[in-house]
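Here is a briefing on one chain, grouped by topic. Please keep the sequence and the 3D view open while reading.

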Amino acid sequence: MSQHRHPGAPGRAGAEPALPDLPEATVARLPEYLRALHALAQTGHETVSSEGLANAAGVNSAKLRKDLSHLGSYGTRGVGYDVALLIEQIESVLGLTQCRSVALVGVGNLGHALAGYDGFASRGFRIAALFDANPSRIGEEINGLVVQHVDELPRVAAEESISIGVIATPAPAAQAVADQLVAVGVTSILNFAPCVLSVPEGVDVRKVDLAIELQILSFHEHRKASLTALPATGGSGFTALPGGFAATDTQEAIGT
């Protein structure tokens, strides 16, 4: 979930040329296409149809074709898309042609797991530094990196050319960490803390709240259970709802 997106925000020196202003939904789906393409390449596929790629990415083929048309990629009739070329195009658009250095702040249970994950490197990212404010964490080594005090962030950010910050702290500390990241020039933040951050214009924040995702799944489980419990025939045709309300079978089935 993206909290902020500011098209046309000033880039840093040496940034790549400006890209077309892709729809946010398209940008969100490009990594799914890239994941599917890499899986196809690993199994020896040189080309893939729009239907095949759409199925692998979990979207419909019309949506996929429209997304890829924004990149100027239309495939070849009767052949499909060149897998290697499409990987190259998407990686270029996503800025994955260079390895981006990431700073992770907060090495509790979640942060520790993120720091130990080896999959970032193959996706174009390098966890370059780990930070925490807890004295008991300072000096701990995780996946070859030593946890440093968050006060060292300005120095390390300059030395390691940090471009992305990941916040995995408790919610009360997250805003202060975000302010520190912004102060050292970080303009892209991935926030795992269960709170909304306030950042200046030009700073992009992606929020990942695992509890919210579970709550959404809980809704779907609750919904499926409610539909299963509905009487098939006969009865009063009403289903009790929280708060003392009632809905007819038809209303319950269509969500009105």
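The expected span of a helix is 1.5 Å times one less than its number of residues. Helix 1 covers residues 24-42, 19 residues, so it should span 27 Å; its end C-alpha atoms lie 28 Å apart, in agreement. The model is predicted.

- Eight buried positions are found in helix 1: Thr26, Arg29, Leu30, Tyr33, Leu34, Ala36, Leu37 and Leu40.
- An α-helix has 3.6 residues a turn, so residues three or four places apart point the same way.
- Which elements cover the buried residues of helix 1? They include strand 1 (47-48), helix 2 (50-57), helix 3 (61-69) and helix 4 (83-93).
- Gly44 follows helix 1 and has a positive phi, near 90 degrees.
- Arg29 sits in helix 1, and Arg29 is among the buried residues there.
- The side chain of Arg29 makes a polar contact of 2.6 Å with the side chain of Asp67.
- Beyond its neighbours within four places in sequence, Arg29 is in contact with Val59, Lys63 and Asp67.

**Annotated region**

- UniProt lists residues 32-71 as "DNA-binding region", in an unreviewed entry.
- Over residues 32-71 the chain is 70% helix and 5% strand.
- The end C-alpha atoms of residues 32-71 are 15 Å apart.

- In soluble globular proteins, nonpolar side chains tend to be buried together.
- Not counting residues up to four places away in sequence, Ile167 touches Val105, Ala174, Val177, Ala178, Leu181, Ile189, Leu190, Asn191, Phe192, Ala193 and Leu197.

**Salt bridges**

- Arg126 and Glu160 form a salt bridge through their side chains, at 3.0 Å from N to O.
- Arg126 lies in strand 4 (residues 125-132) and Glu160 in helix 7, so this pair ties together parts 34 residues apart in sequence.
- Both partners are partly exposed: Arg126 has 36% relative accessibility, and Glu160 has 26%.
- Arg137 and Glu140 also meet in a salt bridge, at 3.4 Å from N to O.
- Arg137 is partly exposed at 22% relative accessibility, and Glu140 is partly exposed at 25%.
- Arg155 pairs with Glu159 in a salt bridge, with the closest N and O atoms 3.0 Å apart.
- Why are Arg155 and Glu159 separated by about one helical turn? They are four residues apart in helix 7.
- Arg155 is partly exposed, with a relative accessible area of 38%, whereas Glu159 is exposed at 53%.
- A network of salt bridges links Glu152, Arg155 and Glu159.

- Where is Asn143 found? It is in the loop between strand 5 (141-142) and strand 6 (145-149).
- Asn143 is partly exposed, with a relative accessible area of 48%.
- Ser161 is found in the loop between helix 7 (153-160) and strand 7 (162-167).
- Exposed means over 50% relative accessible area, so Ser161, at 55%, counts as exposed.

Methods. Residues numbered from 1 in each chain as written. Predicted model: local features only at pLDDT ≥ 70, side-chain atom pairs only at ≥ 80, totals over all residues. Heavy atoms only, no water. UniProt positions renumbered as here; feature names shortened; annotations may be inferred. Helix = DSSP H or I, 4+ residues; strand = E, 2+ residues; numbered from the N terminus. Buried < 20%, exposed > 50% of the residue type's maximum accessible area, 1.4 Å probe, protein only. Contact = heavy atoms within 4.5 Å. Salt bridge = Lys/Arg side-chain N within 4 Å of Asp/Glu carboxyl O. Polar contact = N/O pair within 3.5 Å; in protein donor to acceptor, adjacent residues only side chain to side chain.
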